[in-house]
Amino acid sequence: MKKIIIVLMVSLLSAGSFTYAQNKTGADMSKECPPNQECSKDMMKDDMKKDDMKKDDMMKDDMKKDDMKKDDMKKDNMKKDDMKKDDMKKDKSKKEKKQKPQSVAAFLIKSGKTAVLVETGPDSCYPELEKQLKASGLSPADISAVFLTHIHFDHAGCAWRFARNGTKIYLHPNGFRHMANPEKLIESASRIYLDQMDVLWGKIEPIEEQMLVQVQDGERVTAGDLTMTAHFTPGHAKHHIVWQFGDSLFTGDVAGCRIGTGPAVAPTPPPDLDYSEWKKSIELMKALNPREIYLTHFGRFDDPHPHLEALSRQLDFLFNLSEAAFRRNEKNEVPAGFLDAFFEAYYRAWHIGNDAVTAYGNISPNWMNAQGLTRWMQKNLT
Ligand SMILES: [Zn+2]
């Protein structure tokens, strides 16, 4: 039976609004504030201000890098179809300022009459998801099952809509109560995102318990013609699952983010960030010997082993340098400014384009990463 995997770019339609919100508040669509997060509103606001200032600096810097970027774009486009080249370039330059391309994906797997989704994206992107399903000849009601890697809003935000259509939602037991009763989740996230909550995430509704299926580590789930295997993979979040389909892995955030030709980068939000668990999860993914990996941020990559090894090195590098910054910081924190400098150097070394740098920042903002690293270091190093 022919099996097809389609990457759906669920972030495209609403991206203009997200960019607006991002500029106003420093908030990002890719993270909620998980229920146990211990960070004060004022700290958040301060960090947001810093983030805005940093963005201004980056914009100035980016203007200087414009020439370099144009060169990169030229090289990229040379690989593409000549007939489409000019149109694509024009289109791209028009969209760049308003959209966040390649930020959040959902994955459609089709086999015979069975169609399932891995991830749903946030509810704010549901119209776009519907549109892309339609382009594949499907409606949301045709989806037999939704497999969530974890319950962060950018991955699971509109799972409730599918549940209302009668679709079972498969997830980690630790995510169960938050999806059944999302009040705490919404309350915490609202403290961060303030009035941008709706723009960024849309609605978050409870899911009836009988529609939520808790899976165990190693469990095989069959939906019609398809079988998916759950692998518990903590590190980014305690309730994280890598879903295996044949020799393909759907890795959520535990295999990091990777935009275009950029590096593998680990997003490190609070409260569950765990360095040693993450390293173990990377080893587990390597041992599964996948042929391809699907990153929610962003897309398919056919070099899983080099990717995972590079991610492991990036994690070491990030934690080692952050530890040094943490130990020398009077407040016992990893300052967001340190991460700004770290990633700026990192991306510069990689020679990645302006739009990719922005995409990394949208997916994994440093004010959030700094809180995750600080929390982990305060727990483990003091
Ligand atoms: Zn994510």
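The protein chain contains 15 helices and 12 strands, where helices (H or I, at least four residues) and strands (E, at least two) are DSSP runs numbered from the N terminus. The model is predicted, with local features requiring pLDDT of at least 70 and side-chain atom pairs counting only at pLDDT 80 or more, while totals for chains, interfaces and linings use all residues. Residues are numbered from 1 along each chain as its sequence is written. Of the 382 residues in the protein chain, 49% are buried; a residue is buried if 20 or more other C-beta atoms lie within 10 Å of its own, exposed if 12 or fewer, and partly exposed in between, with C-beta atoms placed from the backbone. Among contacts in the protein chain with a separation of 6 or more, 74% link residues 24 or more positions apart, a contact being a pair of residues whose C-beta atoms, placed from the backbone, lie within 7 Å.

We can turn next to the sheet. Six strands form an open sheet in the order E1-E2-E3-E4-E5-E6, with mixed pairing; two strands pair if DSSP finds at least two bridges between them. Strand E1 (3-9) and strand E6 (212-214) are the edge strands, each pairing on one side only. On average, neighbouring strands of this sheet are turned by 25 degrees against each other, direction ignored. Strand E2 (residues 105-111) and E3 run antiparallel and are joined by five bridges, with Ser111 partnered by Thr114 in E3. These two strands form a hairpin with two residues between them, and Gly112 in the turn has a positive phi of about 55 degrees. Strand E3 (residues 114-118) is largely enclosed by the rest of the structure, because four of its five residues are buried.

From E3 the pairing continues in parallel to E4 over three bridges, Leu117 having Val146 in E4 as its bridge partner. Strand E4 (residues 145-147) also pairs in the parallel sense with strand E5 (residues 168-171), over three bridges, and here Val146 is partnered by Ile169. Helix H8 (residues 173-180) packs on the sheet, where it touches E5 and E6; its direction makes about 160 degrees with that of E6, angles running from 0 to 180 degrees between N-to-C directions and axes being lines fitted to C-alpha atoms, for helices over the stretch in contact.

Beyond four places in sequence, the residues touched by Val146 include Leu117, Ala159, Phe162 and Ile169.

The axes of H13 and H15 come within 8 Å and cross at roughly 115 degrees. At this crossing, Ala336, Leu339, Asp340 and Phe343 in H13 meet Asn366, Trp367, Asn369 and Ala370 in H15. Among the buried residues of H13 are Phe338 and Tyr347, and just after this helix His351 takes a positive phi of about 55 degrees.

Terms used. Contact = placed C-beta atoms within 7 Å.
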